[in-house]
Structures are given as structure tokens and as C-alpha cells.
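Biologist: I'm new to this one. Could you show me how to read it?

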Amino acid sequence: EYTYLYYNGGYKLRTSSDGVLVNGSIGYASDRRLKKDIAPISGALDAVLSLKGVNYTLIDGGAKHIGFVAQDIQSDAPGWLTERVVVEPEGDNESAKNDGSIRDGESVEMLAVNYSNMVALLTEAVKEQQTQIESLVERIKHLEGT
């Protein structure tokens with residue numbers, strides 16, 4: 001079963017039991033006028049190196065995915081890569097009830113990975129690597145006398 005959000009005759013968002021599909025682009029408010037305390041990301045490469053990508057199967061529905069475990073990120077990488085979300089109880093979510101993660105009539109706070117924030121982290125990590133690569137290339141040229 002799907003739920004659609006339409007705009008101008010075409011669907012822009014579809015939700016289903018396996019996730020959300022966006023037909024178009026997603027934009028994030030990023031104007032400088034909306035921000036304060038702007039500072040460069042430091043230690044991006046070390047943070048990326050601490051990330052542990054995993055294969056996993058979702059308990060509810062059995063879909064296979066790749067990604068991260070929020071608790072691993074929370075303990076090893078910058079905290080702004082995770083956020084707390086409240087999961088509302090669903091009357092028909094038997095697998096979640098069976099494993100004890102959700103009980104009837106009770107909201108549960110869980111961790112979520114903020115994948116959109118990873119773009120900035122990965123960008124800065126690549127720039128750190130590029131600086132290292134350029135330094136090594138110059139060193140090699142010097143050692144070879146070229």
C-alpha cells in the first residue's frame with residue numbers, strides 16, 4: 001500500500017512500508033543568513049575513518065540494506081551525524097513488539113543517522129586526503145630529482 005503526495009498533476013513523494021521515494025530533488029535550507037557560529041569542520045578524515053559501514057537486514061519486513069549503526073557513529077564519530085527520533089507505536093507492528101523495541105501504546109526514542117550531514121564530512125575528508133596526496137607527490141618529485 002502506498003501513500004502519494006501530488007503537485008501539479010504528478011506525484012512528488014511516495015511512502016510505503018519499504019521507505020520514501022521522492023520524485024524530484026530535496027533541498028535543505030542552507031542560506032548563510034539562517035546560520036550562526038559557522039566554523040570549518042576539523043578532523044573530518046579521522047571521523048570518516050572511524051565510520052563502520054555494515055550490511056544489515058531490517059527486522060520489520062526483512063529488507064536488506066547497507067549503511068551505519070547509529071550507536072557506532074554516536075560513540076566514534078561527530079555527534080551531529082545522529083539524532084534522536086520518537087517512534088510511535090503501531091498496532092500491527094508485531095515484530096517490533098516481539099523483540100521488545102516497541103510496546104503497545106508507548107512511544108520509543110531511537111537513534112537515526114543524519115545521512116545528509118555526511119556530505120559535508122565526506123567532502124572535507126576528501127579535501128584532507130587531497131592535501132596529503134599533493135604533499136606526497138611533491139616529496140616523490142623531490143626524491144626523484146624531477
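Modeller: Strands (E, at least two residues) and helices (H or I, at least four) are DSSP runs, numbered from the N terminus. This is a predicted model, where local features need pLDDT of at least 70, side-chain atom pairs count only at pLDDT 80 or more, and totals for chains, interfaces and linings use all residues. Residues are numbered from 1 along each chain as its sequence is written, and side-chain values use heavy atoms, leaving out hydrogens and water.

Biologist: In which sense do S2 and S3 pair?

Modeller: Antiparallel: strand S2 (residues 10-16) and S3 share four bridges. A hairpin of two residues links S2 to S3, and Arg-14 sits opposite Leu-21 in S3.

Biologist: How many helices and strands does the chain have?

Modeller: Four helices and seven strands, in the order β-β-β-α-β-β-α-β-α-β-α along the sequence.

Biologist: Is Val-20 buried or exposed?

Modeller: Buried means under 20% relative accessible area, exposed over 50%, partly exposed in between (1.4 Å probe, protein chains only). Val-20, which lies in strand S3 (residues 19-22), is exposed because its relative accessible area is 57%. Across the chain, 16% of the 146 residues are buried.

Biologist: What about contacts in the chain between residues at least 6 apart in sequence?

Modeller: A contact means heavy atoms within 4.5 Å. Of those contacts between residues at least 6 apart in sequence, 45% join residues at least 24 apart.

Notes:
Two strands pair if DSSP finds at least two bridges between them.
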